[in-house]
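Hi everyone, thanks for making time. Let me put the structure up, and then we'll walk through it together.

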Amino acid sequence: MQKAGKPSIQSLLLEEIAADLAARNERPYRAKQIANWIYEKRVTSFDAMSDLPLELRKQLAEVFEFHQLEIIRILGSKDTTRKFLFRLADSNLIESVLIPASPSLYGATSDRRTICVSTQVGCAYGCKFCASGLDGFSRNLEVGEIVQQLLAVEKESGEKIDNVVFMGMGEPLANFANVVRAIQIINAPWGMEIGARHITVSTSGLAPQIRQLADQPLQSRLAISLHGATDEVRNRIMPVNRKYDLNALLSACDYYASRKKQRIYFEYILIADVNDAEEQAHLLAAHARRLGAKVNLIPYNTVEGLEWSRPSRARQERFLSILHEHGTVATLRREKGHDIDAACGQLRLQTKRTEERAAT
Ligand code: SAH
Ligand code: SF4
């Protein structure tokens, strides 16, 4: 929801729009009409909602904000991964990534197009390898700003998105209420109508919020950014582990697994000489077995200004084969559009720095 000023119409669930209309003595079916204009016909103002009485359109425009995301840069080509850089109303920058059909992605089959959305401006968690955390944290995204990423990317690309991963900039579980609401809208039959099993939330390990998510009636999927199978490795690269260590994280995952039917994913970026030792693979397999988790290995994407790099292909394959020897379900991502598929947060950081230089 909006912190200041008018609330955004795109932050509301259908029943909340209906309640607002009821309070102004409007007919309840108008709520469906409004949702239809926003998520089906994709208009960009109340004015365009031509089957609503003029007076109501005027009233709504006075009471509600109608968020728009301005696309300021697109990187990549139609057949590869495309990055979209947006400017928000307060001039903050965020990015989304549209990933073409790929069999190795969460919930994706070969013909699915995936969008990777941001949930915050920057990130407070400061993982040592990640571009999103480099510049600190500015603010949470509003519900509408999260959902609008899908609408804007579909509009610009002309493609229908059928898989959503909350793996862009920010820590989704640190913006819990807005992310849960965004998932509800993305999933709703009156909203974006994307199946819950095709929506994946990724977290660096916020144990209390993982438990909270387990208690929500959502069927979306959960990915844990593990990146290390011991506290020693995780402490070195992920400060969050000092707050919620591996034990706390895995027991929150146990709780999640006990409450939900679907499998958890473990994300594991392979970083040379940091987390790619064979011992880590054996321990990772044990954690995965405990939870029935599936492991996604991702070769590290180099970030400008950071010293980390990915291990050799042979070493990546070796890590994968150890997991397979243990019977762990695991894949090694072979990315598409690698040239621009740099880690989330990078495009924004580059643009921000260029603009700062231009302004001085
Ligand atoms: N904050 C959440 C979601 C956003 S990050 C989280 O950490 O899970 C999404 C994924 O991208 C995480 O698994 C993160 O570790 C990974 N990532 C960050 N920087 C990366 C890089 N340079 N190369 C590859 N993956 C990266
Ligand atoms: Fe934040 Fe996730 Fe990046 Fe860590 S990996 S700094 S939690 S966005």
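Look at the hairpin of β2 and β3: there are 5 residues between the strands, and Ser91 takes a positive phi near 70° there. A quick word on what you're seeing: this is a predicted model, where local features need pLDDT of at least 70, side-chain atom pairs count only at pLDDT 80 or more, and totals for chains, interfaces and linings use all residues. Residues are numbered from 1 along each chain as its sequence is written, chains are lettered from A and ligands numbered from 1 in the order in which they are written, and side-chain values use heavy atoms, with hydrogens and water left out.

Strand β2, residues 82-87, runs antiparallel to β3, and 6 bridges join them. When I say strand, I mean a DSSP run of E with at least two residues; helices are runs of H or I with at least four, and both are numbered from the N terminus. Two strands pair if DSSP finds at least two bridges between them. Lys83 has Val97 in β3 as its bridge partner. Val97 also stands opposite Cys116 in β4. That strand, β4, residues 114-116, pairs with β3 over 3 bridges, again in the antiparallel sense.

Buried here means under 20% relative accessible area, exposed is over 50%, and partly exposed is in between, using a 1.4 Å probe and protein chains only. Leu93, Glu95, Val97 and Ile99 point one way from β3, while Ile94, Ser96 and Leu98 point the other way.

Now zoom out. These strands sit in an open sheet of 10 strands with mixed pairing, in the order β1-β2-β3-β4-β7-β8-β9-β10-β11-β12. At the edges stand β1 (70-75) and β12 (330-332); each has a single partner strand, so one side of each is left without a neighbour in the sheet. On average, neighbouring strands of this sheet are turned by 20° against each other, direction ignored. That angle is between axes, lines fitted to C-alpha atoms (for helices over the stretch in contact), and angles run from 0 to 180 degrees between N-to-C directions. Further along, β9, residues 221-225, pairs with β10 in the parallel sense over 3 bridges, and Ala223 stands opposite Tyr265 in β10.

On to the ligands. What surrounds ligand 1? There are 19 residues, and the closest are Gly170, Ser202, Ser225, His227 and Asn301. A residue counts as near if one of its heavy atoms lies within 4 Å. A backbone N or O atom of Gly170 lies 2.9 Å from a nitrogen atom of ligand 1. Glu171 brings a polar side-chain atom to 3.3 Å from a nitrogen atom of the ligand, and a polar backbone atom of Asn301 is 2.9 Å from a ligand nitrogen. The protein covers 90% of the 520 Å² of accessible area that ligand 1 has on its own; areas come from the Shrake-Rupley method with a 1.4 Å probe, and for residues only the protein chains shown count as cover.

Last one: ligand 2. Among the residues surrounding this ligand are Cys123, Cys127, Cys130, Gly170 and Glu171. That's my tour, thanks!

Definitions and conventions. Polar contact = N/O pair within 3.5 Å; in protein donor to acceptor, adjacent residues only side chain to side chain.
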